[in-house]
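The report below looks at charged side-chain pairs and at one helix in the structure shown here.

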Amino acid sequence: MIDIKDKKNCCGCWACANACPKKCISMKEDEEGFRYPHIDKVSCIDCGVCDRVCPIQKTIQDDEIPHSYIVQNKDDDIRRHSTSGGFFSAIADYMLHNNGVVFGAAFDKDHVVRHSYAETKEECIKFQVSKYVQSLIMHTYREAKEFLDAGRMVVFSGTPCQIAGLYGYLRGKEYDGLVTVDLVCHGTPSPRLLNEYLSYQELVYGSKIVNWKSRDKYYGYDYSTTNIEFENKKIAYHKGSESDLFFRLYFKNICSRPSCYQCHFRTLHRVSDFTIFDCWDAPSASKKFDSNGATNVFVHTQKGQAIFNSLKSYFVWKESNINSVIERDGVMITHNAPKNPRRTEFFSDLGNLSMDKIERKYLNCSLVKKIIISLKPTLYRIGVFKLYMLVKRFLQNKHLLSRI
């Protein structure tokens, strides 16, 4: 029987809940907003399946170097609505053309992130853009297995722990039709924090939120922006890591799931077929790339390589140096974010203090910095921000070249 004595030993992947033959495991939300397995001991037959499928109890080998690529989808509209380079959209198209099923994460009408599946291109649109909150897997591992057992192809995307959870649930059974895609993540912030944040935005703007896009390209790819649309037709834009309250707390490393600070899955070699993450400076790798979003892709398996080769017509692409890619864009592949020492204090205050008081207490921001942040959208529109990014890239590239 699975027993979580220390929450850093549970990644919330739902493998145990999906695998339990008696369906006596439910995922219940704790005081921080994260979900953990709760066992109905009356129904439990102590079969041990939950322990056997738990991915944290399995060793991950880190002995293979994946193939590394930079890709940009040739469809500008797909890239405009994607977080980075539109790689996952191409895989989704590949699956749909082969009568396959696409699993991914999307917001529901209540702004809760849930995993679900799609069987049409129109349905797949909901999976675009980043979510920045760990999705509720629910019963999607079971659903994926049902499709696979019926002979359908399946692509399943998620955080590294969720993909490991899927393979744990499958218990070693291999499917030629299963393709998996994991995302490099900084950690999974509290869903409770997201709820408090969205409620605060509704209070500030005096209207219900109809859409929250955490990574919008309104000001371009280099100026990744939070976009919030309200019922009263107002639209709020915030520079994620600089002016958006949710992201500033996130990057303070104060609100992630306990297991994220000692992530079991943060290795170069992953159990998935593909690992994807942002490529922030594709034009420096080749002049054939533009600056409107690109994706770093690591291919871990022969199956993944075969699919990548079949998709090359979708992309502008180039092989990349894996060490340079990790240093510039992918430090979170192998390194954990340090836990903020005020994390316990923060969660004690969350819900007891208003969000503006949370901001004042945990996010120091000088008046000068606030003015600079407020001016950046204007600087971007007149081209000064692009000049800044060019200088920044030059200095970054010079730094990388000095190490070669």
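Counting as a salt bridge any side-chain nitrogen of Lys or Arg within 4 Å of a carboxyl oxygen of Asp or Glu, the structure holds 20 salt bridges. The model is a predicted one, in which local features need pLDDT of at least 70 and side-chain atom pairs count only at pLDDT 80 or more, while totals for chains, interfaces and linings use all residues. Residues are numbered from 1 along each chain as its sequence is written, and side-chain values use heavy atoms, with hydrogens and water left out.

Three of these pairs are set out here.

| Salt bridge | Closest N to O distance |
|---|---|
| Lys7 and Asp30 | 2.9 Å |
| Lys208 and Glu202 | 4.0 Å |

Helices (H or I, at least four residues) and strands (E, at least two) are taken as DSSP runs numbered from the N terminus. Accessibility is classed as buried under 20% relative accessible area, exposed over 50% and partly exposed in between, with a 1.4 Å probe and protein chains only. On that scale Lys7 is partly exposed at 32%, whereas Asp30 is buried at 12%.

The pair of Lys361 and Asp349 links helix α15 (residues 355-362), which holds the lysine, with helix α14 (residues 343-349), which holds the aspartate, and so ties together parts that are twelve residues apart in sequence. Lys361 is partly exposed, at 33% relative accessibility, and Asp349 is buried, at 12%. Through shared partners, salt bridges join Arg342, Glu345, Asp349 and Lys361 into one network.

Glu202, the partner of Lys208, is buried at 18% relative accessibility and belongs to the buried residues of α8, among them Leu194 and Leu198. Helix α8 (residues 191-205) has 15 residues and spans 21 Å from its first C-alpha to its last, close to the 21 Å expected, where the expectation is 1.5 Å times one less than the number of residues. At the start of this helix, a side-chain oxygen of Ser190 comes to within 3.1 Å of the backbone nitrogen of Arg192. Just after α8, Gly206 adopts a positive phi of about 65°.

Terms used: A polar contact is a pair of N or O atoms within 3.5 Å; within protein, one must be able to donate a hydrogen and the other to accept it, and residues adjacent in sequence count only if both atoms are side-chain atoms.
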